[in-house]
Each structure stands twice: as structure tokens, then as C-alpha cells.
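Have the chain open in your viewer and follow along.

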Amino acid sequence: MVRDCQLEQRDDGLWYCTRPGCNLPPLPRRMARNCAVDRQPAGVASSNLQSSISTRPLVLVLGLHRSLSSCLAECLERLGVFMGRQTEGGECQRLRYILEAVMRFPRCEPIVRCSDRGALRRWLSDHFAAAGERLAGAKYPHLCRLAAEIEAIHPDLKLIHVARPLDDSIESLVARSARATGLHATREECETLQRSLHDSLREFLRDRPHLRVASENLLRFPAREIDRVIEYLGLDPTPDERAAAIEHVEPARGEQ
Ligand SMILES: [Zn+2]
């Protein structure tokens, strides 16, 4: 729980993490003692991990729930971009696990602790290693809110914003929630969450270069939009890979 934290005992007898931005709640002495092995001076292990992270860019696919960002992430996989060892909807399952621990669907306010930042660093290091020579990328709706956490570890990002009108995204998430399977949320929760992700993402993208792909354009002109993505990322797919990416958009048309 307090892995990667730097704990310090204050006058009230409780232990606090002294690292900036850590949301670890104050710990009673007994719990801190149990975690004694983690009370190391400033993270040597962390800086080692940092140096093992690639010098190449990481692609982030950013979009609200139900924005077609999964569709685009799966297109990237077909174009040879590594999105994770185990992916579902273009989402790396390990990254999903880390981000859901920080902000459990449908909550909007993340609780980020040093252990979460450590988990992200370790994931990213492994992610690049597994990618090998391929360009590496990541996609998860929470990244609308948490992209800055990735940027703090690896500033060299290539950002793709999959943009769908907010109201459509809300209605689509409400409709998905009404189905028996998958993540469930009330209408109010869906609306609050999508608005929160929308506002966070707009703020994050305000002064950062990125490629905007309107979901409507992706559906109507898949070849044109896939070519924009290929050019933006500097990819060199085979004709078959390009065709597979374009064809992948087709089945998504019925799912809006
Ligand atoms: Zn901490």
C-alpha cells in the first residue's frame, strides 16, 4: 500500500508521505511499522526505472467513454503500434487495472499515491520493453483525466484526441449502462463522469500539440482519417495493414 512512499512521523504520532502530490492518508504507527521495508530514502529504484524507459515517444489515444477511441486504438494495433500484451478494445489490461485503482469507474476524482505512480512507471518500462522496435501506445478513458501522470514519467507523448460531441457521449454511456453486462452507472453518474473527463481533457490539450480525429469523420471517411493518423505518427504500414485498419472501422458504425 505504501510502496514507493516516503513516510515521516509528525507530532500527532501518525505517519505521512512527504512526496508532493501523494494522496496517501495518514497512517497509524502500527501500519507504518509493518511497511518499514518501504521507508527508504528517496527512490533509488524509481530513478533506475526511469532511466530504463524508452527515449522514443508514447502514443496516447484520448477520448471519453463511447467516443470511438477503442476503435481507433484497435486500428493502431492493426497498423503495428504496440498497445499492450493483453488488450481488450485496444486497452492494455495492466494499465486498466492501475488506472481503475486510482479512479474506480464511475468516480471522477482520482486518488493518486506514490505506489500508483510506481506502478505506472513499472508498467511503462515493461510496456516499452515488450514493444521492442514497434511504436508503443496506450488507451484508456481515464487518461482524459490522468494523462499528466503519464507525461510526468515520460514527457515525449504523441497525442491523438478522438472527439465525439459530449452530449452524444453521455447518451451512449447511459445506453451502455442500461445493458446487463459491463460497467454500470446511473444516468447522473454517466453525465458527471463524461463532463469531468471532457473538461479535464480540454484543459490538458489546450497548449499541447495533438492530432484531433472527429469520431464522425472516422466513421464517414475511414481511409482519410487512418491516413492522417499514419502521417501524424510517421508509421510505414504494409498495404495489408493499412487496409485492415480501415476495414476495422466498418463494424463500429453500427455500435454508436
Ligand atoms: Zn506517498
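Helices here are DSSP runs of type H or I with at least four residues, numbered from the N terminus. Keep in mind that this is a predicted model.

With that naming in hand, find helix α3, which spans residues 69–78. Eight of its ten residues are buried, so α3 is largely enclosed by the rest of the structure. The buried set consists of Ser69, Ser70, Cys71, Leu72, Ala73, Glu74, Cys75 and Leu76. Just past the end of α3 comes Gly80, whose phi is positive, at about 95°.

Next, the sheet. It is open and built from four strands in the order β6-β3-β7-β8, with parallel pairing. At its edges sit β6 (136–139) and β8 (211–214), each of which pairs on one side only. From one strand to the next, the twist averages 20°.

Let's look at one of those pairings in detail. Strand β7 (residues 157–163) runs parallel to β8, and four bridges join the two. Which residue of β8 is the bridge partner of His161? That residue is Arg212. The C-alpha atoms of Arg212 and His161 are separated by 4.7 Å, although the two residues are 51 residues apart along the chain. Leaving aside residues up to four places away in sequence, Arg212 touches His161 and Ala163. Is Arg212 buried, or is it partly exposed? Burial calls for 20 or more other C-beta atoms within 10 Å. Arg212 has 13 within that distance, so it counts as partly exposed.

Helix α10 (residues 222–233) lies across β3, β7 and β8.

| Pair | Angle |
|---|---|
| α10 and β8 | about 165° |
| α5 and α6 | roughly 65° |

That last pair deserves a visit of its own. The axes of α5 (residues 114–131) and α6 (residues 143–153) come within 10 Å, and their crossing is right-handed. On the α5 side, the contact is made by Arg117, Leu120, Arg121 and Leu124. Glu149, Ile150 and Ile153 take part from α6. Sorted by class, the contact of α5 with α6 has four nonpolar and three charged residues, with no polar ones.

Key. Residues numbered from 1 in each chain as written. Predicted model: local features only at pLDDT ≥ 70, side-chain atom pairs only at ≥ 80, totals over all residues. Axes fitted to C-alpha atoms, helices over the stretch in contact; angles between N-to-C directions. Left-handed = near helix turned anticlockwise from the far one by under 90°. Contact = placed C-beta atoms within 7 Å. Nonpolar A, V, L, I, M, F, W, Y, C, P; charged D, E, K, R; others polar. Pairing = 2+ DSSP bridges. Buried ≥ 20, exposed ≤ 12 C-beta atoms within 10 Å, placed from the backbone.
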